[in-house]
Structures are given as structure tokens and as C-alpha cells.
Amino acid sequence: MNILITGASSGIGKELAKRYESQGHTIFAISRRKADFENSYECDVADFDKLRSIVKEITKNNKIDMVIANAGISYPHSTAFMPFEEFKNTIDVNFISIHALLENIVPQMKENERGKIVLISSLAGYVSSPTSLAYSASKRAINSYAEGLRNQLSKYNIKVINIKPGFIESEMTTKNKFKMPFLLPLEKGVEKIEYAISKDKKEYDFPFIFAWVVKIVSILPTNLKDFILNRLNSSKI
Ligand SMILES: NC(=O)c1ccc[n+]([C@@H]2O[C@H](COP(=O)([O-])OP(=O)(O)OC[C@H]3O[C@@H](n4cnc5c(N)ncnc54)[C@H](OP(=O)(O)O)[C@@H]3O)[C@@H](O)[C@H]2O)c1
């Protein structure tokens, strides 16, 4: 398979791409730092024009079988009202870039009548953390996008797989100063992501218990939900 992945220079993306490469697949990697793969492109995914032209170039000569929109950013948790630039960058990198990434891939997959689009969302999309609201909003936006895209593309035999992990050890989580419940080692987390992709799971939340806790909190009456979120977050920062 030809696999195009963003954010393969560290963490989840790097581990996942390494696994696919060792299985004989060809990796096309996009990130700001040069990733350790033969076809590696240095690009800030928030530079939409550059991203679109790189993907256009790749798809001109290669049929992409699977695309993994994994690049993501999380600014340090804070109770302060976020500066506009950081807010915009979070939404641009985590969400808007996905549509730029897919612009030239979806038509190709439609033509081939097959393909897999993997989106790396987060359990953070279920409940919005007061100390990380841009990140939560970006991930909730992905969930909405995935739902619509999945049903838009199903008739072309294109699978949309939306993965919502809890905490996984990576550069992103090393920066967190609070205790992360159900934190998974990188290899374990990526193993679960690889499993979900292999089974074409439309939606995949993990780890199981943490995912259910978060999902139950998300459907509680607003006042009860706010009581829990305020308690959880007042001790965090
Ligand atoms: N770790 C967790 O607990 C967790 C949980 C749920 C979801 N996720 C999601 O999983 C994905 C991967 O995160 P991770 O934990 O592996 O974090 P990570 O180790 O910090 O990796 C993030 C990757 O995204 C790339 N990236 C960040 N900003 C970019 C930009 N502007 N342009 C291009 N590439 C960019 C980084 O590459 P460069 O720095 O080289 O650009 C890096 O390769 C993210 O979408 C994250 O939200 C993580």
C-alpha cells in the first residue's frame, strides 16, 4: 500500500509509520521536521497552500491507498483565555489542515473506488476541558467531519476511520504537568490504532474504561457535567 501520513516525525505517527514500513508498505510523510522515511516532506500543515501543492505532486505519480491525518498540536493546559494566534493555530493544524490534505486524495480514491481515510481525533472531543478548549474544539470538529465524510464517501467504497485515543505517551503528553488517567505506553496505544485500522472501525475509542467514563460524562445534564469538570480541572493547573 501507499500510505500518506502527517506527523510521522514523532510519537504516534512515527511509530505507526515505522510499523507499516516494516510490513513492506511505502510511506509518504509530511511534518515540519524531516521524518525518518524515504519520502519525507517538510511542511507546516497550517501552511495550507504548501500542503495542498505537496499532496498534489505526490498524487500525480502515486496512488494513495491510505491517508492518516495524524499531525496535531496541543498548547500547555492553562486557565488563561488563550491568545488568538495559539487558538487559530490549534484549529488550523488539528482540523482545517485535514480538508487541505484530502483535497487531492479524495478524488483519486473516488476514481479508484477504494481507499482508507484515518483521522486521529481524541477522547478530548467528547467533553471540552476548560484548560484546553481549542484542542477539545478541534477534536470535536473532527468527529463531526468524520461522521459526514464517512457517509458521503461510503458509496465509493472509501472507509473513513475516526480514532479517539485517551492519553498515550508521546512528546505531546510529556509536557503535561497533571496526572493523566489510564496513560498508555506508545507501543500499546499504536497497537490499538493499527488494530482499529485493520478492522475498518468507523469509530474507535480507547482505552475502554476511560472512554466510557468520558462518554457518560458527556451525556450528563449540564449542571452535573460542569460540577465534575470544574472539580477535575481546579486541581490541574
Ligand atoms: N498522545 C496522546 O495522548 C494523544 C491522545 C489523543 C489524540 N492524540 C493525537 O494524536 C496525534 C499525534 O500526537 P502525538 O501524541 O504523537 O504527539 P507528538 O509526539 O507531539 O507528535 C505530533 C506530530 O504532529 C506533527 N505536527 C505538529 N504540528 C504540526 C504542523 N504544524 N505541521 C506539520 N506537522 C505537525 C509533529 O511533527 P513536527 O513537530 O515535525 O511538525 C509530530 O510528528 C495528534 O493529532 C494528537 O492530537 C494524541
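Biologist: Is Arg32 buried or exposed, or something in between?
Modeller: Arg32 is partly exposed, because 15 other C-beta atoms lie within 10 Å. Buried takes 20 or more other C-beta atoms within 10 Å of the residue's own, exposed takes 12 or fewer, and partly exposed is in between, with C-beta atoms placed from the backbone. Bear in mind that this is a predicted model: local features need pLDDT of at least 70, side-chain atom pairs count only at pLDDT 80 or more, and totals for chains, interfaces and linings use all residues. Residues are numbered from 1 along each chain as its sequence is written.

Biologist: Where does Arg32 lie?
Modeller: In the loop between β2 (26-31) and β3 (39-42). Elements are DSSP runs numbered from the N terminus, helices being H or I with at least four residues and strands E with at least two.

Biologist: And which residues are closest to the ligand?
Modeller: Arg32 is one of them, along with Gly7, Gly11, Gly72 and Ser170. In total 28 residues surround the ligand, where a residue counts if its C-beta atom, placed from the backbone, lies within 6 Å.

Biologist: Which elements give two or more residues to that shell?
Modeller: α1 (11-22) and α6 (171-174).

Biologist: How does the shell divide by residue type?
Modeller: Twelve are nonpolar, twelve polar and four charged. Nonpolar here means Ala, Val, Leu, Ile, Met, Phe, Trp, Tyr, Cys and Pro, charged means Asp, Glu, Lys and Arg, and the others, Gly among them, are polar.

Biologist: Switching to the strands. What does β4 pair with?
Modeller: Strand β1 (residues 2-6) runs parallel to β4 over three bridges, with Ile3 partnered by Met66. Strand β5 (residues 115-120) is also parallel to β4, joined by four bridges, and there Ala69 stands opposite Leu119. Pairing needs at least two DSSP bridges between the strands.

Biologist: Which way do the β4 side chains point?
Modeller: Met66 and Ile68 go one way, Val67 and Ala69 the other, and all are buried. Side chains in a regular strand alternate between the two faces of the sheet.

Biologist: Last topic, helices. How do α2 and α3 cross?
Modeller: At roughly 30°, with the axes of α2 (residues 48-61) and α3 (residues 84-102) coming within 8 Å. They are therefore roughly parallel, which covers angles under 35 degrees.

Biologist: What about α3 and α5?
Modeller: Helix α5 (residues 133-153) packs on α3 at about 20°, axes 9 Å apart, so these two are roughly parallel to each other. Axes are lines fitted to C-alpha atoms over the stretch in contact, and angles run from 0 to 180 degrees between N-to-C directions.

Conventions: Angles under 35 degrees count as roughly parallel, over 145 as roughly antiparallel, 65 to 115 as roughly perpendicular and the rest as oblique.
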